[in-house]
Amino acid sequence: MNSQKPNTSNPAVLRWVEETAHLTQPDQIYWCNGSEEEKNALTEEAVARGVLIKLNQEKLPGCYYHRSNPSDVARSEDRTFICSETADDAGPTNNWMAPAEMHTKLRALCTGAMRGRTLYVVPYLMGPLGSSLTKVGIEITDSIYVVLSMRIVTRMGQIAYEQLGAGTNFNRGLHCMLDLDPQKRYIAHFPWENAIISTSSNYGGNVLLGKKCLALRIGSALAQKEGWLAEHMLILRAESPTGERTYVAGAFPSACGKTNFAMLVPPPHFAGWKIRTIGDDIAWMKPDADGRLHAINPENGYFGVAPGTNMATNPNAMATISHDTIYTNVALTPDLDVWWEGKTKEPPPNLTDWKGQPWTPESKTPAAHPNSRFAAPMTNNPAYAPEANDPNGVPISAIIFGCRRTTTMPLVYQAFNWIHGVFIGATLSSETTAAATGAVGQVRRDPMAMLPFCGYNMGHYFRHWLRMRKKLLIPPRIFHVNWFRRDEKGKYLWPGFGENMRVLKWIVDRCHGHADAREAALGWVPGPRDFDLTGMENFDAMNLAKAQEINLEEWRRESLANDELSFKLHSELPKELAYQRELLVSRL
Ligand code: OXD
Ligand code: MN
């Protein structure tokens, strides 16, 4: 076996790499340092091996393209396991397997799995250097695509050894690509060991182990033990024309517009308002000495959904992904530019689709996979907020729970208080999207947008949220939004995108006591004078009333649908949530 020299002297790291190499038997070991030279050399190698295609460098400087196996294009929730000591620790919303049983299974799959291949050691940080929230991870992988993507979406390289020092506290992540057979696919989490093993996939959400696996599943379990929150939330800064800054976190299920909201460009009527992005997918939040909840974004880049992104829906994302980006499963133009559904009104006449087949507008299948992605550094974003690098994080004034629902859910309402807000988050429901394998468009209960990501018993997670209130002098206000409601003819009741600034403005104003509200059955809602409609085309107070309608019949059905999850969790469901359910029903 060829082995490049290790670039750390940390004995725990050296031992773990040695043990893993002994198991997987690679031809060589490559110790990543995160440098520019390393990136260039690995990129060249990936292109030479056909893992990446070099895109048109005049149009897309520094951009590359990857096509994944058609059976491996989204997160595999049915193959994702929480291997805690007991099934009860994982809870009824997770797949569970006893740690010893999973280790035996995976040991067999990983034995000799890297023969003829290179084992890459990828040290990375989740969070800014020096933050008390930041965690060190080391991912061992045999995928050069993973190495190059981790370099974008995390703080990868020597910086991680700097934070780790001589410590032993790092997440051990092992990724073996195997042959991508879905039957051999496991995304296994061992919260008690701070370890992850992922096999037979090369799709980002399953294999960029810092993101969903460490920052959310293992992260949430650590957060419960250590007294903080690991959440599936964007973080943005809303800055008023007078310079008042308000930090807002928002939990939305996968592929429901977190990236768009985090990069929002206000419509002309809101001249002087600035929205800046701290994060687009994950927030780690901790009560600070000032009595407020402070948030960091553990990531360093965006792994976003390409379809639907265009100059109107998200110009900041378009600028972000115009250079130094890795695209996966989008379509290609003859001159090696990228395209996806919704990028332009008219599709180009000739494309190569995500499977590598010729495609024309007459083709019956989409040119880009609906879950095609980009991985781009967050500093590419014209709306990047430099506080994303602040080890102290930003103080959160508002938490938004958002969903994708065609019916029932109004545009916006505010919780009466923290406990009611936790109830609203705990009963979040949304239509499934292409971000996970399985049927799309089915309403499912997705508490706090964490159904696929909570690394322990969901009932305990709710209790953890409720207890957080006691650690906060100034708890964030909690809101619920739905940009996706439609009328009987299927037409959206709210234009969305930049116009979401109007909803955000009401939320920000509520946080500062600048906007009034009416008490409704669900919570506080804006009255007609509290919600700024100035400058909207074809949208008046009547349209707003329709988007805000609370249909009592639909809500009675909704409460029954929520009971399904409550029954599942019932032995661990905090009583506060049962009381909130009763209060809601009595208000309907
Ligand atoms: C993501 C997801 O990739 O939620 O962010 O699936
Ligand atoms: Mn996500």
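Predicted model: local features only at pLDDT ≥ 70, side-chain atom pairs only at ≥ 80, totals over all residues.
## Manganese site

Three residues coordinate the manganese ion (ligand 2). The donors are Lys212 through NZ, His232 through NE2 and Asp281 through OD, at 2.2 Å. Along the sequence, the donor residues follow the spacing K-x19-H-x48-D. His232 sits in the loop between strand E13 (229-231) and strand E14 (233-239), and Asp281 in the loop between strand E16 (274-279) and strand E17 (283-287), so this pair ties together parts that are 49 residues apart in sequence. His232 and Asp281 are both buried.

Around ligand 1 stand Arg75, Lys211, Lys212, His232, Ser254, Asp281, Phe303, Arg373, Ala435 and Phe453.

Polar side chains reach the oxygen atoms of ligand 1. For Ser254, a polar side-chain atom lies 2.5 Å from one oxygen. For Arg373, the distance from a polar side-chain atom to an oxygen of ligand 1 is 2.8 Å. For Lys212, an N or O atom in the side chain is 3.0 Å from an oxygen of ligand 1. On its own, ligand 1 has 210 Å² of accessible area, and the protein covers 96% of that.

## Nonpolar cores

The largest nonpolar core holds 116 residues. Met285, Tyr327, Ile399 and Trp465 have the most contacts inside it. Beyond its neighbours within four places in sequence, Ile399 is in contact with Met233, Ala249, Met285, Leu293, Trp418, Trp465, Pro476, Arg477, Ile478 and Phe479. Another core, of 37 residues, lies apart from the largest one. Its members include Leu493, Ala515, Leu533 and Phe539. In soluble globular proteins, nonpolar side chains tend to be buried together.

## Helix H12

Helix H12 (residues 458-468) is largely enclosed by the rest of the structure, because nine of its 11 residues are buried. The buried residues are Met458, Gly459, His460, Tyr461, Phe462, His464, Trp465, Leu466 and Met468. One of them, Trp465, is also among the residues with the most contacts inside the largest nonpolar core.

Asn457 caps the N-terminal end of H12. A side-chain oxygen of Asn457 lies 2.8 Å from the backbone nitrogen of Gly459.

Ser430 belongs to strand E28 (residues 429-431). Its relative accessibility is 2%, so Ser430 counts as buried. A polar atom of the Ser430 side chain lies 2.8 Å from the backbone nitrogen of Arg404. Leaving out residues up to four places away in sequence, Ser430 touches Pro253, Cys256, Cys403, Arg404, Arg405, Gln442, Val443 and Arg444.

Asp516 is in the loop between helix H13 (500-511) and strand E31 (518-519). Leaving out residues up to four places away in sequence, Asp516 touches Trp506, Arg510, Pro526 and Asp530. Asp516 and Asp530 are 14 residues apart in sequence, and their C-alpha atoms are 5.9 Å apart in space.

## Positive phi angles

Most residues other than glycine have a negative phi. Leu180 has a positive value, near 65°. Leu180 lies in the loop between strand E10 (171-176) and strand E11 (186-190). Its relative accessibility is 13%, under the 20% limit, so Leu180 counts as buried.

Thr408 also has a positive phi, near 70°. Thr408 is in the loop between strand E26 (394-403) and strand E27 (412-414). At 4% relative accessibility, Thr408 counts as buried.

Asn7 lies in the loop between strand E1 (2-3) and helix H1 (11-24). Its relative accessibility is 21%, so Asn7 counts as partly exposed. The Asn7 side chain reaches the backbone oxygen of Cys32 at 3.0 Å.

Not counting residues up to four places away in sequence, Asn7 touches Trp31, Cys32, Asn33, Gln158 and Tyr161. Asn7 and Tyr30 are 23 residues apart in sequence and 9.8 Å apart in space, C-alpha to C-alpha.

Note on methods. Residues numbered from 1 in each chain as written. Chains lettered and ligands numbered in written order. Heavy atoms only, no water. Donors = N, O, S within 2.8 Å, 3.2 Å for Na, K, Ca; no water. Helix = DSSP H or I, 4+ residues; strand = E, 2+ residues; numbered from the N terminus. Buried < 20%, exposed > 50% of the residue type's maximum accessible area, 1.4 Å probe, protein only. Core = buried A, V, L, I, M, F, W, Y, C linked by side-chain atoms within 4.5 Å. Contact = heavy atoms within 4.5 Å. Near = heavy atom within 4 Å. Polar contact = N/O pair within 3.5 Å; in protein donor to acceptor, adjacent residues only side chain to side chain. Areas by Shrake-Rupley, 256 points an atom, 1.4 Å probe, with all protein chains shown as cover.
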